[in-house]
Amino acid sequence: MKGCKSITNLDTDLSTGERLIELLEIIGGESLGRYNKNPKLRLQRIENVNKALEFIKSRGVSLTNIGAEDIVDSNPKLILGLIWTIILRFTIAEISEEGLNAKEGLLLWCQRQTADYKPEVNVKDFTFSWKDGLALCALIHHNRPDLLDYNSLDKSDAKGNLTKAFEVAEKELNIPKLLDVEDFVDVPKPDERSVMTYIAQYFHAFSAQNKVSNSSRRVGKFADVLATCWDMENDYERRATELIQNIEALKKEWETAPLGDNYNDAKAQFTAFEDYKHTSKRKWMSEKREIENLLGNIQIKLKTYNLIPYNPPEGLYPADIDDQWNSLITTEAERKRNLSNNLAEIKDQLRKSYANSANELQDSINNISIQLSGLGENEDSSLEDQLNEAKKYQTEANSLEPRFKEIEDLNAKCEEAHIEDNQYCIYTPDDIKFDYELVLNTIQKKIAFIENQIVARSVSNLTPQQLEEYTNAFRHFDKDDNNLLNRDELKAVLQSIGVLLSDDEFNKTYDQLVDNPNNLSTEDPSVGVPFEKYLNYVKSIAEDKTSPDQLREAFKVLAKDKDYVTEADMAAGGFPPATIEYLKQVIPPKDGVPDSYDYSAFLDIVFG
């Protein structure tokens, strides 16, 4: 040690007491106080040695048969005994392993350090167990495998193994070479105290190393804890900042976000709002909970290691996040309220737009119907005037057709907006269309009726009753109200008024009367016999062939000489069902005979 002279001869170097005091101060870790430097007198030397011996005794070491004079007089045997006592007390006695001290503790430590190297290494003592050098190499390899490759050793080379252990220990572990190879291999039994002293150096060297290693681990673990906490704190601040920024950005966006000027735009805004609630909001809600939990984990971790609590930066406290969140909820409620009100207003406007158009169209139809029903009330108006008025109403009604496209489009918008009720209107497009077609059909019938009346007015030689009968029969069988009779309808009409023709006669008559200038198919609805030709034909029949007596005789034949006719008689005569139904309606029943019809009374009514 710097400032101290080395001991080269135990017999003489300790005799003044100076080297002994210096040795004790080094290994004892404290000063022994003032002593005689360079003593010349024997008394001074004895005082120095006594001072050293008193210090040894103060450490609990009993010195038997050793006095200061023995050391001053250089007694080798007693000096060696004193040195061993010092080694035992200050080097070996402090060794402790599971409650065992000194020799037993050191032995247990060696056994544990070399346990993995059995059976080649089996430490039982401080003599024979060390002769082959493997135990020393095992100690080094166990604690510092980087210094020695145990597996490459020649297990039978004791000298080589001991030499290797001594060299590595001295060079790498600063363990002085207190023994020689010969002290192990060239003696029957190695000196136990010498081996213990040397092995103790390994214990202290590796214990110091382990102490440093433990300290490093402790400091490293503490640094890891601090780093983890720091990372958690940074993560908290980053995520809290990002959450608050996202909330503030959305609130600002909503301040100027449109509500939508039409249903599609308004619905798109509402859908976007609902998407936010199911995506961004839920993500932020989860993030808020995780941030709160993260802060709690930070505080728990800090408290676990007795560290000061973490204080987030200004504006990032949980209360600040709660304030931002509550503000978002308020803004969100206002946004939904505005969107809902705007959507409701647009829907209401759609109802009103449809109602205005539908009600106006229905009123127009109603007005035409009312005017049509009053046609002919003016006694001074002629049939021609009435016909012109009816055609004017027809033109007016036809002009309403394009307006159905408008209400159908408005109704489609209402359906798209899922509007199922409309307090402003009771009419659906189908309702109005149905009424409109009724009015068109009524106008068509009215025009046909007036035209037929004009035709009938020009026909002479027919009684009013005959004219009424023929007109009613035509109208009854004109099923499609087009003022034309197709082939089947004409045949039914003629049979109903008593004109019975063979098939050839009827076909010839139909071909003469049919109005088909464009040579269309007879199935075309515009092909048929017009009222005027029909009326002229039945007039000619009435004038030339049909008299009350002729008809009475025809009915008598049909009734098999009865004065009444039955439905079965008419069916047997070949009348179609439609003709039979018509005759049943116009011929009065026969008194006293169920399901019979008085044809004589009918002819009296018709011909007067």
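**Close-up views of a predicted model**

**View 1. Q349 in helix α13.** Q349 lies in helix α13. Helices (H or I, at least four residues) and strands (E, at least two) are DSSP runs, numbered from the N terminus. Q349 is partly exposed, at 46% relative accessibility. Buried means under 20% relative accessible area, exposed over 50%, and partly exposed in between (1.4 Å probe, protein chains only). From Q349 to L603 the separation is 254 residues in sequence and 66 Å in space, C-alpha to C-alpha. The model is predicted: local features need pLDDT of at least 70, side-chain atom pairs count only at pLDDT 80 or more, and totals for chains, interfaces and linings use all residues. Residues are numbered from 1 along each chain as its sequence is written, and side-chain values use heavy atoms, with hydrogens and water left out.

**View 2. Aromatic pair Y276 and W284.** The structure holds 19 aromatic pairs. Y276 and W284 form one that is edge-to-face, with 6.2 Å centre to centre and 65 degrees between the planes. Rings of Phe, Tyr and Trp (its six-membered ring) pair if their centres lie within 6.5 Å; planes under 30 degrees apart count as stacked, over 60 as edge-to-face and the rest as tilted. Both Y276 and W284 are buried.

**View 3. Aromatic pair F474 and F531.** The rings of F474 and F531 pair edge-to-face, at 5.0 Å centre to centre and 80 degrees between the planes. F474 belongs to helix α17 (residues 464-477) and F531 to helix α20 (residues 531-544), so the pair ties together parts that are 57 residues apart in sequence. F474 is buried, at 1% relative accessibility. F531 is buried, at 1% relative accessibility.

**View 4. An aromatic cluster.** One aromatic cluster is formed by F166, F184, Y198, Y202 and F206.

**View 5. Lysines over ring faces.** K155 lies over the face of Y150, 5.1 Å from the ring centre. K491 lies over the face of F506, at 5.9 Å from the ring centre. A charge sits over a ring if NZ of Lys or CZ of Arg is within 6 Å of the ring centre and within 35 degrees of the ring normal.

**View 6. The cis peptide bond at P119.** K118 and P119 are joined by a cis peptide bond, with omega about 5 degrees. P119 sits in the loop between α6 (102-113) and α7 (134-143).

View 7. N306 has phi near 55 degrees, a positive value in a residue other than glycine. Its loop runs between α12 (280-304) and α13 (318-373). N306 is exposed, with a relative accessible area of 72%. For D561, also not a glycine, phi is positive, near 70 degrees. D561 is placed in the loop between α21 (548-558) and β5 (565-566). D561 is exposed, at 62% relative accessibility.

**View 8. Helices α18 and α23.** The axes of α18 (residues 487-496) and α23 (residues 577-586) come within 9 Å and cross at roughly 35 degrees. Axes are lines fitted to C-alpha atoms, for helices over the stretch in contact, and angles run from 0 to 180 degrees between N-to-C directions. The crossing is right-handed (near helix turned clockwise from the far one by less than a right angle; anticlockwise is left-handed). A492, Q495 and S496 of α18 make the contact with T579, Y582 and L583 of α23. Contact means heavy atoms within 4.5 Å.
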